[in-house]
Amino acid sequence: MPSFGVYDQDRGFECGPMQFIDQAEIQVQAGDGGDGLVAFRREKYVPAGGPSGGNGGRGGSVILKAVENLQTLLDFRYNHLFKAENGKRGGPNNRTGASGNDRIIEVPCGTMVFDAETDAVLGDLVTPNQTLCVAQGGKGGLGNAHFLSNSNRAPEKALPGLPGESRFLRLELKLLAEVGIIGLPNAGKSTLIAAVSAARPKIADYPFTTLVPNLGVVRKPSGDGTVFADIPGLIEGAHLGIGLGHDFLRHVERTRLLLHLIDVTSEDPIANYQMIQDELQAYGRGLSDRPQILALNKLDTLDKTGDDLEALTQKLEQLSHAPVFQISAATRLGLDALLNRIWQTLDSMETEGAGINVHQLE
(Lines give C-alpha, C1' and ligand atoms only; values in the text may rest on other atoms or scores of the structure.)
Protein backbone atom coordinates (compact mmCIF):
# COMPACT_ATOMS: atom_id res chain seq x y z
CA MET A 1 0.00 0.00 0.00
CA PRO A 2 1.73 3.20 -1.11
CA SER A 3 1.94 6.45 0.78
CA PHE A 4 -0.55 9.01 -0.45
CA GLY A 5 0.26 10.78 -3.69
CA VAL A 6 -1.44 12.56 -6.60
CA TYR A 7 -0.88 11.44 -10.16
CA ASP A 8 0.21 14.06 -12.68
CA GLN A 9 0.21 13.17 -16.40
CA ASP A 10 3.60 14.75 -17.02
CA ARG A 11 5.35 14.14 -13.70
CA GLY A 12 3.77 10.91 -12.45
CA PHE A 13 3.47 10.88 -8.65
CA GLU A 14 5.98 13.66 -8.08
CA CYS A 15 3.50 16.48 -7.50
CA GLY A 16 3.26 16.10 -3.75
CA PRO A 17 1.01 14.36 -1.24
CA MET A 18 -2.68 13.83 -1.76
CA GLN A 19 -4.93 15.76 0.56
CA PHE A 20 -5.79 13.30 3.30
CA ILE A 21 -9.43 13.55 4.35
CA ASP A 22 -10.63 11.10 7.00
CA GLN A 23 -14.03 12.62 7.90
CA ALA A 24 -16.94 13.66 5.71
CA GLU A 25 -20.66 14.36 5.96
CA ILE A 26 -22.98 13.46 3.11
CA GLN A 27 -26.69 13.22 2.36
CA VAL A 28 -28.10 10.12 0.71
CA GLN A 29 -31.51 9.98 -0.98
CA ALA A 30 -33.00 6.69 -2.09
CA GLY A 31 -35.31 6.62 -5.09
CA ASP A 32 -39.10 6.95 -4.71
CA GLY A 33 -41.29 4.06 -5.76
CA GLY A 34 -43.18 4.46 -9.04
CA ASP A 35 -46.90 5.18 -8.95
CA GLY A 36 -49.48 2.51 -9.69
CA LEU A 37 -51.54 2.96 -12.87
CA VAL A 38 -55.31 3.11 -13.41
CA ALA A 39 -56.01 1.41 -16.76
CA PHE A 40 -58.63 -0.85 -18.34
CA ARG A 41 -58.38 -3.39 -21.11
CA ARG A 42 -59.72 -2.01 -24.37
CA GLU A 43 -59.49 -4.91 -26.78
CA LYS A 44 -61.77 -5.43 -29.78
CA TYR A 45 -62.79 -8.99 -29.00
CA VAL A 46 -62.88 -8.70 -25.21
CA PRO A 47 -66.22 -7.03 -24.47
CA ALA A 48 -65.84 -7.17 -20.68
CA GLY A 49 -62.33 -5.85 -20.31
CA GLY A 50 -61.30 -5.42 -16.73
CA PRO A 51 -58.73 -3.32 -14.85
CA SER A 52 -55.18 -3.72 -16.15
CA GLY A 53 -53.14 -1.03 -14.40
CA GLY A 54 -49.74 -2.36 -13.24
CA ASN A 55 -47.79 -1.66 -10.07
CA GLY A 56 -45.05 0.93 -9.89
CA GLY A 57 -41.37 -0.10 -9.79
CA ARG A 58 -39.24 -0.09 -6.65
CA GLY A 59 -37.03 2.93 -6.06
CA GLY A 60 -33.27 2.41 -6.10
CA SER A 61 -31.37 2.12 -2.81
CA VAL A 62 -28.13 3.85 -1.80
CA ILE A 63 -25.38 1.36 -0.96
CA LEU A 64 -21.87 1.94 0.35
CA LYS A 65 -19.17 -0.45 -0.87
CA ALA A 66 -15.66 -0.81 0.56
CA VAL A 67 -12.86 -0.90 -2.03
CA GLU A 68 -9.11 -1.34 -1.72
CA ASN A 69 -8.01 1.34 -4.20
CA LEU A 70 -9.15 4.28 -2.03
CA GLN A 71 -7.25 5.54 1.04
CA THR A 72 -9.03 8.82 1.72
CA LEU A 73 -12.51 10.37 1.80
CA LEU A 74 -11.39 13.18 -0.51
CA ASP A 75 -14.11 12.31 -3.07
CA PHE A 76 -16.77 13.46 -0.58
CA ARG A 77 -15.29 16.86 0.12
CA TYR A 78 -17.13 18.59 -2.73
CA ASN A 79 -19.86 16.06 -3.52
CA HIS A 80 -22.29 15.83 -0.61
CA LEU A 81 -25.56 14.59 -2.15
CA PHE A 82 -26.01 11.11 -3.57
CA LYS A 83 -29.34 10.05 -5.12
CA ALA A 84 -30.63 6.76 -6.45
CA GLU A 85 -33.08 6.48 -9.34
CA ASN A 86 -36.81 6.60 -8.86
CA GLY A 87 -38.96 3.64 -9.85
CA LYS A 88 -41.02 3.92 -13.03
CA ARG A 89 -44.78 4.19 -13.18
CA GLY A 90 -46.78 1.00 -13.73
CA GLY A 91 -47.93 0.24 -17.27
CA PRO A 92 -51.11 -1.07 -18.90
CA ASN A 93 -51.75 -4.80 -19.36
CA ASN A 94 -50.59 -5.41 -15.79
CA ARG A 95 -47.03 -4.39 -16.56
CA THR A 96 -44.95 -3.49 -13.50
CA GLY A 97 -42.85 -0.37 -13.84
CA ALA A 98 -39.05 -0.69 -14.01
CA SER A 99 -37.18 -0.50 -10.72
CA GLY A 100 -34.77 2.36 -10.22
CA ASN A 101 -31.04 1.62 -10.31
CA ASP A 102 -29.27 1.46 -6.98
CA ARG A 103 -26.60 4.07 -6.27
CA ILE A 104 -23.30 2.40 -5.33
CA ILE A 105 -20.88 4.67 -3.44
CA GLU A 106 -17.30 3.44 -3.11
CA VAL A 107 -15.51 4.17 0.17
CA PRO A 108 -12.10 3.13 1.54
CA CYS A 109 -11.81 -0.04 3.60
CA GLY A 110 -11.94 0.98 7.25
CA THR A 111 -14.82 3.47 6.89
CA MET A 112 -17.25 3.72 9.80
CA VAL A 113 -20.75 5.01 8.97
CA PHE A 114 -22.80 7.06 11.45
CA ASP A 115 -26.24 8.62 11.31
CA ALA A 116 -25.26 12.28 11.57
CA GLU A 117 -28.47 13.23 13.39
CA THR A 118 -28.60 10.46 16.02
CA ASP A 119 -24.89 9.54 16.09
CA ALA A 120 -25.89 5.87 15.82
CA VAL A 121 -23.38 3.53 14.19
CA LEU A 122 -24.91 2.13 11.00
CA GLY A 123 -21.99 -0.03 9.96
CA ASP A 124 -18.26 -0.58 9.74
CA LEU A 125 -16.88 -1.38 6.28
CA VAL A 126 -13.63 -3.23 6.84
CA THR A 127 -13.23 -5.96 4.23
CA PRO A 128 -13.02 -5.36 0.45
CA ASN A 129 -16.37 -5.51 -1.38
CA GLN A 130 -18.30 -5.35 1.90
CA THR A 131 -21.56 -3.43 1.38
CA LEU A 132 -23.99 -1.50 3.55
CA CYS A 133 -27.43 -0.26 2.50
CA VAL A 134 -27.80 3.19 4.05
CA ALA A 135 -31.06 4.28 2.38
CA GLN A 136 -33.78 1.89 1.24
CA GLY A 137 -35.68 2.63 -1.95
CA GLY A 138 -39.43 3.20 -1.73
CA LYS A 139 -41.89 0.49 -2.69
CA GLY A 140 -43.87 0.91 -5.87
CA GLY A 141 -47.54 1.85 -5.66
CA LEU A 142 -50.28 -0.63 -6.50
CA GLY A 143 -52.13 -0.40 -9.81
CA ASN A 144 -55.89 -0.70 -10.08
CA ALA A 145 -55.64 -4.35 -11.20
CA HIS A 146 -54.66 -5.15 -7.61
CA PHE A 147 -58.02 -3.92 -6.30
CA LEU A 148 -60.19 -6.10 -8.50
CA SER A 149 -62.77 -8.00 -6.41
CA ASN A 150 -66.22 -9.55 -6.73
CA SER A 151 -67.76 -6.42 -5.29
CA ASN A 152 -65.66 -4.02 -7.35
CA ARG A 153 -65.24 -5.17 -10.94
CA ALA A 154 -63.96 -1.85 -12.25
CA PRO A 155 -61.76 -0.23 -9.57
CA GLU A 156 -60.51 3.21 -10.41
CA LYS A 157 -58.09 3.31 -7.50
CA ALA A 158 -54.29 3.19 -7.63
CA LEU A 159 -51.67 4.03 -5.00
CA PRO A 160 -48.69 6.34 -5.34
CA GLY A 161 -45.21 4.97 -4.76
CA LEU A 162 -43.68 5.34 -1.31
CA PRO A 163 -40.84 7.84 -0.88
CA GLY A 164 -37.30 6.53 -0.54
CA GLU A 165 -35.33 7.00 2.67
CA SER A 166 -33.26 10.13 3.12
CA ARG A 167 -30.38 10.34 5.59
CA PHE A 168 -27.51 12.53 6.64
CA LEU A 169 -24.40 10.42 7.23
CA ARG A 170 -21.05 10.99 8.87
CA LEU A 171 -18.19 8.96 7.47
CA GLU A 172 -15.04 8.36 9.50
CA LEU A 173 -12.03 6.62 8.06
CA LYS A 174 -9.87 4.58 10.41
CA LEU A 175 -6.83 3.29 8.63
CA LEU A 176 -6.36 -0.46 8.52
CA ALA A 177 -2.85 -1.16 9.79
CA GLU A 178 -1.53 -3.95 11.96
CA VAL A 179 1.23 -1.86 13.56
CA GLY A 180 0.78 1.75 14.65
CA ILE A 181 3.91 3.82 15.26
CA ILE A 182 3.28 6.38 18.02
CA GLY A 183 5.39 8.88 19.91
CA LEU A 184 6.04 12.56 20.47
CA PRO A 185 6.82 14.85 17.53
CA ASN A 186 10.37 14.38 16.18
CA ALA A 187 10.73 10.93 17.76
CA GLY A 188 11.74 9.60 14.34
CA LYS A 189 8.52 7.86 13.29
CA SER A 190 8.68 8.99 9.67
CA THR A 191 12.35 8.06 9.46
CA LEU A 192 11.55 4.59 10.75
CA ILE A 193 8.70 3.89 8.33
CA ALA A 194 10.86 5.15 5.46
CA ALA A 195 13.67 2.83 6.57
CA VAL A 196 11.57 -0.34 6.71
CA SER A 197 9.12 0.23 3.82
CA ALA A 198 8.75 1.92 0.45
CA ALA A 199 6.82 4.84 1.99
CA ARG A 200 8.49 8.22 1.56
CA PRO A 201 6.99 10.61 4.11
CA LYS A 202 8.28 14.12 4.63
CA ILE A 203 11.19 14.13 7.08
CA ALA A 204 12.67 17.27 8.65
CA ASP A 205 14.30 18.36 11.88
CA TYR A 206 11.34 20.18 13.41
CA PRO A 207 8.15 19.10 15.22
CA PHE A 208 4.94 18.22 13.37
CA THR A 209 6.67 17.43 10.09
CA THR A 210 4.07 14.70 9.60
CA LEU A 211 0.63 16.25 9.20
CA VAL A 212 -1.24 13.15 7.97
CA PRO A 213 -0.83 9.44 8.66
CA ASN A 214 1.62 7.61 6.41
CA LEU A 215 1.18 3.98 5.46
CA GLY A 216 3.95 1.59 4.51
CA VAL A 217 4.03 -2.12 3.75
CA VAL A 218 6.86 -3.97 5.48
CA ARG A 219 7.73 -7.40 4.13
CA LYS A 220 8.05 -10.34 6.50
CA PRO A 221 10.74 -12.98 5.88
CA SER A 222 7.91 -15.20 4.61
CA GLY A 223 7.13 -12.63 1.92
CA ASP A 224 3.81 -11.50 3.36
CA GLY A 225 3.24 -7.76 3.77
CA THR A 226 2.34 -6.06 7.03
CA VAL A 227 0.91 -2.53 7.01
CA PHE A 228 2.58 -0.01 9.35
CA ALA A 229 0.97 3.37 10.09
CA ASP A 230 3.02 6.39 11.10
CA ILE A 231 0.60 8.37 13.27
CA PRO A 232 1.26 12.15 13.51
CA GLY A 233 2.96 13.19 16.74
CA LEU A 234 0.97 13.26 19.93
CA ILE A 235 1.48 15.91 22.59
CA GLU A 236 0.12 16.48 26.05
CA GLY A 237 -3.62 17.15 25.82
CA ALA A 238 -4.02 15.39 22.45
CA HIS A 239 -7.20 13.65 23.64
CA LEU A 240 -8.72 17.12 24.25
CA GLY A 241 -7.96 18.30 20.72
CA ILE A 242 -4.59 19.91 21.40
CA GLY A 243 -2.09 19.51 18.58
CA LEU A 244 -2.69 16.96 15.83
CA GLY A 245 -3.12 13.82 17.89
CA HIS A 246 -6.86 14.11 18.55
CA ASP A 247 -7.58 14.08 14.82
CA PHE A 248 -5.58 10.92 14.22
CA LEU A 249 -5.85 8.86 17.42
CA ARG A 250 -8.84 7.15 15.81
CA HIS A 251 -6.46 5.51 13.34
CA VAL A 252 -4.66 3.76 16.21
CA GLU A 253 -7.92 2.07 17.24
CA ARG A 254 -7.69 -0.55 14.49
CA THR A 255 -4.02 -1.45 14.99
CA ARG A 256 -3.22 -4.75 16.66
CA LEU A 257 0.17 -3.67 18.01
CA LEU A 258 1.64 -0.29 18.99
CA LEU A 259 5.29 0.53 18.38
CA HIS A 260 6.11 3.35 20.79
CA LEU A 261 9.13 5.34 19.59
CA ILE A 262 11.04 7.38 22.19
CA ASP A 263 13.75 9.93 21.41
CA VAL A 264 16.67 8.80 23.58
CA THR A 265 18.32 12.23 23.18
CA SER A 266 15.39 14.07 24.76
CA GLU A 267 15.75 15.69 28.17
CA ASP A 268 13.49 13.18 29.96
CA PRO A 269 12.61 10.04 27.96
CA ILE A 270 10.76 8.54 30.94
CA ALA A 271 8.45 11.56 31.20
CA ASN A 272 7.89 11.45 27.44
CA TYR A 273 6.91 7.79 27.64
CA GLN A 274 4.48 8.47 30.48
CA MET A 275 2.92 11.43 28.65
CA ILE A 276 1.98 9.26 25.66
CA GLN A 277 0.59 6.55 27.96
CA ASP A 278 -1.54 9.15 29.73
CA GLU A 279 -2.95 10.34 26.41
CA LEU A 280 -3.83 6.80 25.33
CA GLN A 281 -5.51 6.22 28.69
CA ALA A 282 -7.47 9.48 28.48
CA TYR A 283 -8.59 8.80 24.91
CA GLY A 284 -10.02 5.44 25.96
CA ARG A 285 -11.45 2.89 23.52
CA GLY A 286 -8.98 0.32 24.82
CA LEU A 287 -5.86 1.99 23.40
CA SER A 288 -3.97 1.86 26.68
CA ASP A 289 -4.52 -1.91 26.81
CA ARG A 290 -3.15 -2.49 23.30
CA PRO A 291 0.08 -4.54 23.25
CA GLN A 292 3.14 -2.34 22.88
CA ILE A 293 6.79 -2.60 21.95
CA LEU A 294 9.09 0.27 22.91
CA ALA A 295 12.08 1.47 20.93
CA LEU A 296 14.67 4.02 22.07
CA ASN A 297 15.56 5.82 18.85
CA LYS A 298 18.45 8.02 17.64
CA LEU A 299 21.31 6.01 19.11
CA ASP A 300 23.52 7.44 16.36
CA THR A 301 23.34 10.90 17.99
CA LEU A 302 23.51 9.70 21.59
CA ASP A 303 25.95 11.32 24.02
CA LYS A 304 24.88 9.17 27.00
CA THR A 305 27.24 6.46 28.30
CA GLY A 306 26.44 2.78 27.85
CA ASP A 307 25.59 2.45 31.52
CA ASP A 308 23.12 5.34 31.31
CA LEU A 309 21.44 3.74 28.29
CA GLU A 310 21.10 0.37 29.99
CA ALA A 311 19.69 1.98 33.12
CA LEU A 312 17.13 3.86 31.02
CA THR A 313 16.20 0.67 29.18
CA GLN A 314 15.68 -1.27 32.40
CA LYS A 315 13.55 1.47 33.93
CA LEU A 316 11.30 1.60 30.87
CA GLU A 317 10.93 -2.18 30.92
CA GLN A 318 9.86 -2.02 34.56
CA LEU A 319 7.34 0.74 33.86
CA SER A 320 5.87 -0.70 30.67
CA HIS A 321 6.18 -4.44 31.24
CA ALA A 322 7.04 -4.54 27.55
CA PRO A 323 10.23 -5.22 25.58
CA VAL A 324 12.46 -2.18 24.96
CA PHE A 325 14.78 -2.03 21.94
CA GLN A 326 17.67 0.30 21.18
CA ILE A 327 17.68 1.47 17.57
CA SER A 328 18.72 4.12 15.12
CA ALA A 329 16.15 4.45 12.34
CA ALA A 330 18.49 6.74 10.38
CA THR A 331 21.33 4.18 10.25
CA ARG A 332 19.10 1.04 10.53
CA LEU A 333 20.94 0.01 13.69
CA GLY A 334 18.90 -2.58 15.63
CA LEU A 335 16.00 -2.66 13.13
CA ASP A 336 16.35 -6.35 12.29
CA ALA A 337 15.95 -7.36 15.94
CA LEU A 338 13.00 -4.97 16.35
CA LEU A 339 11.21 -6.30 13.27
CA ASN A 340 11.78 -9.89 14.33
CA ARG A 341 10.08 -9.15 17.64
CA ILE A 342 7.17 -7.48 15.84
CA TRP A 343 6.66 -10.54 13.58
CA GLN A 344 6.95 -12.84 16.58
CA THR A 345 4.40 -10.81 18.52
CA LEU A 346 1.88 -10.63 15.67
CA ASP A 347 2.16 -14.37 15.04
CA SER A 348 1.65 -15.09 18.74
CA MET A 349 -1.39 -12.81 18.86
CA GLU A 350 -2.98 -14.76 16.02
CA THR A 351 -2.60 -18.05 17.88
CA GLU A 352 -3.15 -16.93 21.47
CA GLY A 353 -5.53 -13.97 21.07
CA ALA A 354 -5.14 -10.21 21.10
CA GLY A 355 -4.70 -10.08 24.90
CA ILE A 356 -1.18 -11.53 24.82
CA ASN A 357 1.44 -9.91 27.05
CA VAL A 358 4.33 -9.28 24.66
CA HIS A 359 6.76 -9.36 27.58
CA GLN A 360 6.10 -13.11 27.81
CA LEU A 361 8.06 -13.54 24.61
CA GLU A 362 11.28 -12.67 26.39
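Buried residues account for 47% of the 362 residues in the protein chain of this predicted model. The chain exposes about 17,900 Å², of which carbon and sulfur atoms supply 48%. Its secondary structure comprises five helices and 14 strands. Among contacts between residues at least 6 apart in sequence, 71% join residues at least 24 apart.

Six of the strands form an open sheet with mixed pairing, in the order 10-11-9-12-13-14. Strand 10, which spans residues 214-219, and strand 14, which spans residues 324-326, are the edge strands, and each of these pairs on one side only. From one strand to the next, the twist averages 25°.

Within this sheet, strand 9 covers residues 179-182 and strand 11 covers residues 225-230. The two strands pair in the parallel sense, and three bridges are found between them.

Helix 1, formed by residues 189-196, lies across strands 9, 10, 11 and 12, and it runs at about 40° to strand 10. Helix 3, formed by residues 269-283, lies across strand 9, strand 12 and strand 13. The angle between helix 3 and strand 12 is about 145°. Strand 12 itself comprises residues 257-263, and strand 13 comprises residues 292-297.

A search of the whole structure for aromatic pairs finds two. In one of them, the ring centres of phenylalanine 76 and phenylalanine 82 are 5.7 Å apart. The planes of these two rings meet at 65°, and the pair is therefore edge-to-face, since that class requires an angle over 60 degrees. Phenylalanine 76 has a relative accessibility of 3% and so counts as buried, the limit being under 20%. Phenylalanine 82 is likewise buried, with a relative accessible area of 5%.

The other pair, between phenylalanine 228 and tryptophan 343, is also edge-to-face, with 6.1 Å from centre to centre and 80° between the planes. Phenylalanine 228 belongs to strand 11 and tryptophan 343 to helix 5, which spans residues 335-352; the pair therefore ties together parts that are 115 residues apart in sequence. Both partners fall below the limit for burial: phenylalanine 228 counts as buried because its relative accessibility is 1%, and tryptophan 343 counts as buried because its relative accessibility is 6%.

A further arrangement involves an aromatic ring and a charged side chain. Arginine 170 lies over the face of phenylalanine 114, at a distance of 4.3 Å from the ring centre.

Note on methods
Residues numbered from 1 in each chain as written. Predicted model: local features only at pLDDT ≥ 70, side-chain atom pairs only at ≥ 80, totals over all residues. Heavy atoms only, no water. Pairing = 2+ DSSP bridges. Helix = DSSP H or I, 4+ residues; strand = E, 2+ residues; numbered from the N terminus. Axes fitted to C-alpha atoms, helices over the stretch in contact; angles between N-to-C directions. Contact = heavy atoms within 4.5 Å. Buried < 20%, exposed > 50% of the residue type's maximum accessible area, 1.4 Å probe, protein only. Areas by Shrake-Rupley, 256 points an atom, 1.4 Å probe, with all protein chains shown as cover. Phe/Tyr/Trp six-rings, centres within 6.5 Å; stacked < 30°, edge-to-face > 60°. Lys NZ or Arg CZ within 6 Å of the ring centre and 35° of its normal.
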